[in-house]
Amino acid sequence: MLSNRQLFLQNLAQTTDFPLLIEIERAEGVYMYAPDGKRYTDLISGIGVSNVGHRHPRVIEAIHAQTDRYLHLMVYGEYVQSPQTQLAAALVQTLPPNLDNVYLVNSGSEAVEGAIKLAKRYTGRRRFLSAVNAYHGSSHGALSAGGNEIFKQNYRPLLPEMYNIRFGEMADLEQISTETAAVILETVQGEAGVRVASAEYMQALRERCTRTGTLLILDEIQAGFGRTGKFWGFEHYGIAPDILVCAKGMGGGMPIGAFISSQKIMGSFKNNPLLGHITTFGGHPVSAAASLATLQVLQNENLVADVERKANLFKEYLQHSAIHQIRNKGLMMAVEMQSFEVLKAVIDRAIELGVITDWFLFCDNSMRIAPPLTITDEQIRESCEVILQAIREICE
Ligand code: PMP
C-alpha cells in the first residue's frame, strides 16, 4: 500500500517546488502532530489563517451547532440565514461607518474579484493601480492586480489597464487620476516579505483617491483579523478604505472571505443583479458561524492588544549575526537572512527540530513568522530557541 506521502506526490497537483512534506494527523492551538506523535509548533498559521489557533473550542462549538441545523441551502443572498446576517452585523461593528455592507464569498481571490468588479460598476472607469510585488490572489482578475511579473507572464493577456506603482513611494501617487477606477493595495504587503508603508503615505494615498473620485481598495486578507496588532491593519494609519477585502483569518480555519463597502457603492451591483457577483457557496453557513465565533474570540480574549508585545518578544529573542533584519507589523514578521540557500537550510533544520516557518512568494531570503495570536510567551521563547539552534548549526 502506498503511504500518504507517496499518494500526495502521485495524485495531488503539486503547487510548489519545495513542499514541506510533513504529514499532519491533528492540530490543536499552536501545535500540529504527525502520525508518529511528533509535535510541531506552527509559526505560520497556514499563512495567517489560524489567528485563534487550531481548533479553537469556541469555533469548533459553533461549527457543531451549525452542522446540527443546516449546511448549504441556496446561492448566497437568496434566503435569510442567521450565520450570515449575524456575522455581517458583527463585522460592521468593527468597522468605520462607511463600511456597512458585506458581501460574503469563499476566498481571498474571490473577494478581490468582487472588489474589482464593484469598482468598475460604481465608477464606470476601467483603469486600476496596484503595487509592485503585491499579491492579491491567483484567479485572473486578482492575478492581474498582482505586482510580480514572473507570476503574471505566462497568463497574458490579463485584465487590461492594470498598472503597478511602487508601494510606499509618494511620487507615484500622482498616477492616481480621474481616470482611475480604484487603487488596490495591501495594508501591509505580505508576500513581498512584510513591507510597511508610512502613515504619511497611507494618508496621502487616501487623500488623493478621495480628490480624484478613485476608490481605495485595501486588501486585509493577510493583515486583517488582529494579525498586525489592530483588528484591521488600516487602523494604524487613521484612514479607511472604500472597499475592504478580507479572508484567511476570518474563518478561524474555515474557508470564507468578504468584500465590504458602503450601501451606496454596493448598491451599484443591484441595477442588474444578473451582472453583479454571484457565488454558490460564498458565506457558507458553517464557515459564517465559525467566522462569527472567531471574531468573538479575538474580541473577548484580548488577543489583539497583546500582539505587539508578543512580536517584541520574538524580536528580543531572535538575535544573531546571521539575521540581517526583522521587518514586522505586529505578528506579521519577516526575518531576513543572507540568501535563499541559507534560509532554506535553517527552515529545514528547524522543521526537523519541530518548529515550522517558511518563506514568502516574492521574497526568498526572509523567513515568515506569523504564529497563531494565541501563542504564549513560553511557546515564543521555546520556538525562538529552536530557530536559533538551527541558525547556529547552519551558520556558525
Ligand atoms: N491577498 C493577499 C494579501 C493574500 O495574502 C492572499 C493569499 N496569500 C490572497 C489575497 C488570496 O487569497 P486566497 O488564497 O484565499 O484566494
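This report describes the confidence, the domains and the ligand surroundings of one predicted model.

## Basis and confidence

Residue numbers start from 1 along each chain, in the order in which its sequence is written. Because the model is predicted, local features need pLDDT of at least 70 and side-chain atom pairs count only at pLDDT 80 or more, whereas totals for chains, interfaces and linings use all residues.

The mean pLDDT of the protein is 96, where pLDDT is the predictor's confidence in each residue, from 0 to 100. A value of 70 or more is reached by 99% of the residues. For the complex, the predictor gives an ipTM of 0.99 and a pTM of 0.98.

## Two domains

Domain 1 covers 4-56 + 302-395, and domain 2 covers 58-300; such bounds come from an automatic or database domain assignment. Taken over C-alpha atoms, the centres of domain 1 and domain 2 are 26 Å apart.

The contact takes 28 residues from domain 1 and 30 residues from domain 2 (two residues are in contact if their C-beta atoms, placed from the backbone, lie within 7 Å). On the side of domain 1 that touches domain 2, at least two residues each come from α2 (45-48), α11 (307-317), β11 (325-329), β12 (332-336) and β15 (363-369). Helices (H or I, at least four residues) and strands (E, at least two) are DSSP runs, numbered from the N terminus.

## Around the ligand

There are 15 residues around the ligand, and Ser 107, Gly 108, Ser 109, Gly 137 and Ile 221 come nearest. A residue is near a molecule or strand if its C-beta atom, placed from the backbone, lies within 6 Å of it. Helix α5 (residues 108-123) gives the most to this shell, with 3 residues.
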